[in-house]
Amino acid sequence: MATMTSLIGLINKIQRACTVLGDHGGEGMSLWEALPSVAVVGGQSSGKSSVLESVVGRDFLPRGSGIVTRRPLVLQLHKTEDGQEYAEFLHLPRKRFTDFAAVRKEISDETDRITGKTKQISNIPIQLSIYSPHVVNLTLIDLPGLTKVAVEGQPDTIVQDIENMVRSYVEKPNCIILAISPANQDIATSDAIKIAREVDPSGERTFGVVTKLDLMDKGTNAVDVLEGRQYRLQHPWVGIVNRSQADINRNVDMIAARRKEREYFETSPEYGHLAHKMGSEYLAKLLSQHLEQVIRQKIPSIIALINKTIDELNAELDRIGRPIAVDSGAQLYTILEMCRAFDKVFKEHLDGGRPGGDRIYGVFDNQLPAALKKLPFDRHLALKNVQRVVTEADGYQPHLIAPEQGYRRLIEGSIGYFKGPAEASVDAVHFVLKELVRKSISETEELKRFPTLANDIATAANEALERFREESRKTVIRLVDMESSYLTVDFFRKIHLEGERGPNAPNSNRNDKNDRSERNAPNPAMDNPDYHLRKIGSNVNAYINMVCDSLKNSIPKAVVYCQVREAKRSLLNYFYVQVGKKEKEKLGAMLDEDPALMEKRNQLAKRLELYKQARDDIDSVAWRS
């Protein structure tokens, strides 16, 4: 019997812990549902409350007419060996009740807190534990009484609502049904038997209880029901004699009521041969023994469910991240791991493993060439502007042969236009990199639990990109300035040599007649005063095209070297240095998680601990048996 007591007591303990953690289900069967329990079912005024009080040995339930039980009452009975007798509510965990009249009042008050002072019902259970030397270890669930008609103050759906609530308990395969039927009512019309037959047609989960045997009409009895001839169950029927209203009014205690019940059956001519199998004390022992047997049968499936749930909880904890240690070394390690995870995602975007890096190539292949084509060289090298620049460059003394200063000013002015597209390329790549940082932050799963750290990393990365952009801007401007600072002399020497080999160049192989005729031929440079200026503009334009082709290749190289390459190599280097200098408190602040996620992890961890402890406890008790 000690083993049975410890096993049922353990189940009570696990069920209580499940209730504390709200582990009543979700997807699949919860541990609470997998643990066997006894649901008390009956119609209103069938004597349910009296049966429960007889089993407990205390008068503790609210009484009245109509619907009194309006919320499920999960009643856990714990047998004590030290003689103490008290009650505890789950919603008042540190308060012990030794006055059971106060227990009755608290049940009524707690019901009203949810349903109000109406006749509404609620499926939110009240959890009550009673510790007493007069009970057996048992869990009983008192459900609202089934009814056929809604009375004033109740919604029209109350009949179906109560039935649905009762079904939600008794349909579970691990629920033992205690079907209460009054003896002064035909068993064929019993609400409890009707619903028990529907959910348990074989009767293997149902215990039948007949109440109010002493109130039957004279000359009638319930022997046919109690002996299973009228409606057969796989378990024996048990008869109960409730306290009379006079006994209740006189505050006859339950111990005296039990004694009176025993005397009734022992002296009854109808039920005397069944006296050893009648009464509330026998019912409690019968249920306790059966519950222990069912628990023992269910242990393999309970352990299997526990192991499956443990695996699921561990997987979920791994997904959202385990708790962070409190020492600074572990915190620093976690921060660096988060940074590495982000950096990996960022590099995948750049290198093609994820989308986005191709937009940088688009800047060089489309945006830069398009910007170069739009530069206003036609306006800058227009005839009037060439004349103005050359004239201003000559000053008070015109050039003798070629206007070199004019050439240089025209070239420098033209090259200056390249700074705009060069800086625009830097800014465009910077924008792409910033967007990739944002996407990488959001795509790094490990960072989702640390919004503060994610924000710090994003800030540090963007600050680094700003530094890379400034360096890149300086570099591309240098490239443009270098083209201005030293012109390619060979280009102009080649133009000069081609000019000397023109149609007016001297040729020793020609005869004098031909030479004279060529000298007498029209000279466009002499005939057209603008020809010389057009030639200058054409030469400068050809040189600028050569510079344009060069910068079209060198600007992307500089941008990639200064921005993309550095972003891949050292995006968070400065951040690493700063983090290494932080104190423990500041490191902890960086790992400040989303409160909702922290609460979820705490609940998962508590459930995991509950399941592990339940597995160990069940294994221990099962092996001892």
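Which residues is F342 in contact with, leaving aside its neighbours within four places in sequence? In this predicted model, the partners of F342 are V437, S440, I441, T444, L447, I457, A461, L571 and L572.

**Overall make-up**

The protein chain has 625 residues, and 47% of them are buried. Its secondary structure consists of 24 helices and nine strands. Among contacts between residues at least 6 apart in sequence, 80% join residues at least 24 apart.

**Nonpolar cores**

F342 belongs to the largest nonpolar core, which has 69 residues. Along with F418, L453 and L571, F342 is one of the residues with the most contacts inside that core.

**Helix packing around α21**

Helix α21 runs over residues 531–570.

| Helix packed with α21 | Residues | Axis distance | Angle |
|---|---|---|---|
| α17 | 451–485 | within 9 Å | roughly 160° |
| α16 | 419–443 | 10 Å | about 40° |
| α14 | 383–394 | within 9 Å | roughly 95° |

With axes that cross at roughly 160°, α17 and α21 are roughly antiparallel to each other. Their crossing is right-handed. The contact of α17 with α21 contains 13 nonpolar residues, six polar ones and four charged ones.

The axes of α16 and α21 lie 10 Å apart, at an angle of about 40°. The crossing of α16 and α21 is also described as right-handed. On the α16 side the contact is made by A422, S425, V426, V429, H430 and L433, and on the α21 side by I555, V559, Q563 and V564. By class, these are seven nonpolar and three polar residues, with no charged residue.

How are α14 and α21 placed relative to each other, roughly perpendicular or roughly antiparallel? The axes of α14 and α21 cross at roughly 95°, so the two helices are roughly perpendicular. Here α14 contributes L383, V386, Q387 and V390, while α21 contributes L533, R534, I536 and G537. The contact of α14 with α21 divides into five nonpolar residues, two polar residues and one charged residue.

N545 is a residue of helix α21. Its relative accessibility is 39%, so N545 counts as partly exposed. N545 and F377 are separated by 168 residues in sequence, and their C-alpha atoms are 10.0 Å apart in space.

V238 lies in strand β9, which covers residues 238–239. Is V238 buried or exposed? V238 has a relative accessible area of 1%, so it is buried. Leaving aside neighbours within four places in sequence, V238 is in contact with G208, V209, V210, L226, K277, M278, G279, Y282, L283 and L286.

K212 is found in the loop between β8 (206–211) and α7 (223–226). K212 has a positive phi of about 60°, although it is not a glycine.

Conventions
Residues are numbered from 1 along each chain as its sequence is written. This is a predicted model: local features need pLDDT of at least 70, side-chain atom pairs count only at pLDDT 80 or more; totals for chains, interfaces and linings use all residues. Side-chain values use heavy atoms; hydrogens and water are left out. A nonpolar core is a set of buried Ala, Val, Leu, Ile, Met, Phe, Trp, Tyr and Cys residues joined through side-chain atoms within 4.5 Å. Buried means under 20% relative accessible area, exposed over 50%, partly exposed in between (1.4 Å probe, protein chains only). Contact means heavy atoms within 4.5 Å. Axes are lines fitted to C-alpha atoms, for helices over the stretch in contact, and angles run from 0 to 180 degrees between N-to-C directions. Helices (H or I, at least four residues) and strands (E, at least two) are DSSP runs, numbered from the N terminus. Angles under 35 degrees count as roughly parallel, over 145 as roughly antiparallel, 65 to 115 as roughly perpendicular and the rest as oblique. A crossing is left-handed if the near helix is turned anticlockwise from the far one by less than a right angle, and right-handed if clockwise. Ala, Val, Leu, Ile, Met, Phe, Trp, Tyr, Cys and Pro count as nonpolar, Asp, Glu, Lys and Arg as charged, and the others, Gly among them, as polar.
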